[in-house]
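Reader: I am new to protein models and would like to learn how to read one. Could you take me through this one by question and answer?

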Amino acid sequence: MNSSRTGGSLRNLRQSNSLHVLDLLASQGPMHRAEMARRANISRTTVTTITRDLMERGVLVELSERAEGGEEVDGRAGDQLAFNPDAGWIAGMSQVLDRICVRITDLMGNEVASADGAIGAKDDWRFRAEAAVYLLDRALKEGGGDRDDLLGVGIGLPGQINPVDGIVHGALADQPWHGINARQEMNRRLGLPVFIENNVRLETIAEAKWGAGQGISDLMYVNMSSGIAAGFLFGGELYRGSVGGAGELGHTSVDVNGPACRCGNRGCLVLVAGAPAILSRLTPTLGPAATMNDVLAANAAGDRSAQNVLAEAGTMVGRLLASMCNLLNPQRIVVGGQTSLAGAVVLDPLREGITRYALTPSAALEVVASDLGGGPEAGAAGGAALALSMLTSSPEMLSRLLDGRKALPSQT
C-alpha cells in the first residue's frame, strides 16, 4: 500500500469532515457533538478530534448550556459547540434606488454594527460603490474593528445578476449598475471575498432565515416597492435562473394593449402597481411632491383615494401571483416592501386575487406579511447570511478564518 497516498486520503477526509462540521454550524447554529456526528454521518470520536482542533484555532467555543429543555444528549448534558464570536465577522450590504444599508454580524448571526445612508436616484455606480465602502468602514469602526476583521461580504444590487461572472444585466439599461462587473469592482475596492446577488433574493434569504419564511422549503417572497420582484426557494434552495434573471414580476405584461414600459414590453405590472404608478394616480389628491410615506400616512388616516389605489395595486399583484402559484405551487408567499406596509388594504385584495384565480386550494397556501419589512435592511441581513453560507466553499474565506486574521476585540 502506498503510505503517502493513504496519508493524503486521510488528510482529505479529515478536511472534508471538518468542512462538514463548519457547514452544519453555519447553517444550523450551536450544536452538540453527538448531533454533529449524526447529521454528518461520522463517528463521535472524529467529531471530537475535529472540534478540538477548531477550538484550539479559536474558531469554535463551548456554550455552557444544556440541551434545550435541560435534557441530556446521548446520556450526558454535553455543552453545545458554536462559532467563537471573536473568530471573525461577516458583512452584508443592500442597495436600492435611494438607500444603502450595511449590517455586520459575527459568525453566529448576531449583529455587531450597522449603518445606512441615502443616495440619489441618479447617482452612478461608481458613487454607489464608494458610498457603500464608506458605510461599511463606518460600521466597522462603530463595532471596534476594521476590514481585516471581515471574512467576506454579501452584496445585494437591483437587476439581473449573472451568478457565474457577477455582471449586472437585464432589459433596463438605465440602471446604475447595468453592464458592470459588480463583484470585480467591489472586490477591488474592499480587498475581500465578495458575493453579489439580486437585492430581493437577499431579502428572500433573510425571510427564510429570520422572518416569516422560517421552516418553509417552497417559499415565494414578493417585494412591492418602486419595482415589483420575487425571490424563490425550491426545496430550501435559492432559485436564480440560468443567468440570474428569475423573479422579474414587475416586467410581466398584464395588459398587452397597455402603455409602453421602458423595458420594451407593454402593460407591465409595475406600470399599475409599482410605487411611481401609485404616486402618479394620487397626484390629484396628494400633490406632485408626495412620497410613498405620504401615501402610507393617508391610508392610515382613512383617505379613500389612497386606500382605493393601494387596493387596486394589491388586486393586480394577486392576479399575477395566482398564475405563479399555478406554475410553482409554493407553500407560502411572504409579501414585503414599502407598499406592503399599508397592511390589509393591500394584502386582503392580493389574497383575494390569488384565491379567485389560483388552482391551488386556498387552505394549502399561506399569504403573509413580511416580518422584516422587506427593504435594504432585510437585504443587508440576507447578504450577511449569504456570505456566511459561502464560508467553506470560498478558499479565501476559509483561509482568513483558520490562518490569516488578527484577533478581534472582545464583544463581551
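Author: Gladly! This is a predicted model, where local features need pLDDT of at least 70, side-chain atom pairs count only at pLDDT 80 or more, and totals for chains, interfaces and linings use all residues. Residues are numbered from 1 along each chain as its sequence is written, and side-chain values use heavy atoms, with hydrogens and water left out.

Reader: How many helices and strands are in the protein chain?
Author: Helices (H or I, at least four residues) and strands (E, at least two) are DSSP runs, numbered from the N terminus. Counted this way, the protein chain has 14 helices and 14 strands.

Reader: Why is the protein chain said to be as compact as a globular protein of its length?
Author: The radius of gyration is taken over C-alpha atoms, and the globule rule is 2.2 Å times the number of residues to the power 0.38. For 412 residues that rule gives 22 Å, and the chain comes close to it, so it is as compact as a globular protein of that length, with a radius of gyration of 23 Å.

Reader: Which element has the lowest mean pLDDT, and which the highest?
Author: pLDDT is the predictor's confidence in each residue, from 0 to 100. Its mean over the protein chain is 89, and 90% of the residues reach 70 or more. Among the elements, the lowest mean (70) belongs to helix H1 (residues 3-28), and the highest (98) to strand S10 (residues 219-224).

Reader: How many contacts beyond four places in sequence does the model have for residues 66-77?
Author: Contact means heavy atoms within 4.5 Å. Over residues 66-77 the pLDDT stays under 50, and the count of such contacts is 12.

Reader: Is Ala 82 buried or exposed?
Author: Buried means under 20% relative accessible area, exposed over 50%, and partly exposed in between (1.4 Å probe, protein chains only). Ala 82 is found in strand S2 (residues 80-83). Its neighbours in contact, leaving out residues up to four places away in sequence, include Pro 30, Val 59 and Met 108. Since its relative accessible area is 1%, Ala 82 is buried.

Reader: What separates the C-alpha atoms of Ala 82 and Gly 29?
Author: Along the chain, Ala 82 and Gly 29 are 53 residues apart.

Reader: Is Thr 105 buried or exposed?
Author: Thr 105 lies in strand S4 (residues 99-106). Not counting residues up to four places away in sequence, Thr 105 touches several residues, among them Trp 89, Val 112 and Ala 384. With a relative accessible area of 3%, Thr 105 is buried.

Reader: What is the phi of Asn 41?
Author: Most residues other than glycine have a negative phi. Asn 41 is in the loop between helix H2 (33-40) and helix H3 (44-56), and counts as exposed at 70% relative accessibility. Although Asn 41 is not a glycine, its phi is positive, about 60 degrees.

Reader: And what about Asn 329: what is its phi near?
Author: Asn 329 is found in the loop between helix H11 (304-328) and strand S13 (332-336). It is partly exposed, with a relative accessible area of 48%. Asn 329 is a residue other than glycine with a positive phi, near 55 degrees.
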